[in-house]
Amino acid sequence: MASKLDPTDHRLLDLLRDDARLSYAELGRQVGLTAPAVAERMRRLEDQGVILGYRAVTAQPEDEAGVLVFVLCVVAAERYPSFVRLVRELPTVQECHHVTGDTSFVLKIRLDAIGALDPILAQLGRFGATRTMVVLSTAVDHCS
């Protein structure tokens with residue numbers, strides 16, 4: 001990050017986390033700035049890599065919900081680039097996190113049916129041990 005964030009930057013980020021569709025005018029009203037001043041701050045935060053993007057999170061219809069799994073993967077460091085290339089090509093992988101501890105990566109994968117998991121695990125298994133957890137229910141989801 002190029003410079004330190006001030007309290008106004010933090011307040012803008014909090015407001016955007018709650019509702020990324022707020023206009024510059026509304027953001028400005030809530031933090032005491034003009035819309036052009038907010039626009040400039042937003043550009044600076046984007047340029048600094050603080051704001052990485054904006055997205056719409058949609059609910060999946062109940063009949064299309066499918067199966068959600070998390071897969072923990074142990075991968076030797078020299079194989080990380082090849083592993084990441086593979087994971088980026090798998091359309092069912094929603095997230096891939098490089099983590100600390102005994103596990104190298106944690107993947108969030110959404111499938112149409114549990115049977116679709118076998119071929120994915122076969123591909124991931126070429127890189128090392130995997131451990132799979134099938135989600136039974138979700139108690140908290142702040143992304144929806």
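Visitor: Which residues of H3 are buried?
Guide: The buried residues of H3 are Val38, Ala39, Arg41, Met42 and Leu45. Buried means under 20% relative accessible area, exposed over 50%, and partly exposed in between, with a 1.4 Å probe and protein chains only. Please note that this is a predicted model, in which local features need pLDDT of at least 70 and side-chain atom pairs count only at pLDDT 80 or more, while totals for chains, interfaces and linings use all residues. Residues are numbered from 1 along each chain as its sequence is written, and side-chain values use heavy atoms, leaving out hydrogens and water.

Visitor: Where do those buried residues sit on H3?
Guide: Seen down the axis of H3, they fall within an arc of 165°, so they line one face of the helix. The arc is that of the directions from the helix axis to the C-beta atoms.

Visitor: And what covers them?
Guide: The cover includes helix H1 (7-18) and helix H2 (24-31). Helices are DSSP runs of H or I with at least four residues, strands are runs of E with at least two, and both are numbered from the N terminus. The face of H3 turned away from the buried side carries the exposed residues Pro36 and Asp47.

Visitor: Now the sheet: in what order do its strands come?
Guide: Four strands form an open sheet in the order S2-S3-S1-S4, with antiparallel pairing. Strand S2 (93-98) and strand S4 (130-134) are the edge strands, each pairing on one side only. Two strands pair if DSSP finds at least two bridges between them.

Visitor: How many bridges join S1 to S4?
Guide: Five bridges join strand S1 (residues 67-73) to S4. In S4, Thr132 is the bridge partner of Val71.

Visitor: Which strands does H5 touch?
Guide: Helix H5 (residues 117-125) packs on the sheet and touches S1, S3 and S4. Contact means heavy atoms within 4.5 Å.

Notes: Axes are lines fitted to C-alpha atoms, for helices over the stretch in contact, and angles run from 0 to 180 degrees between N-to-C directions.
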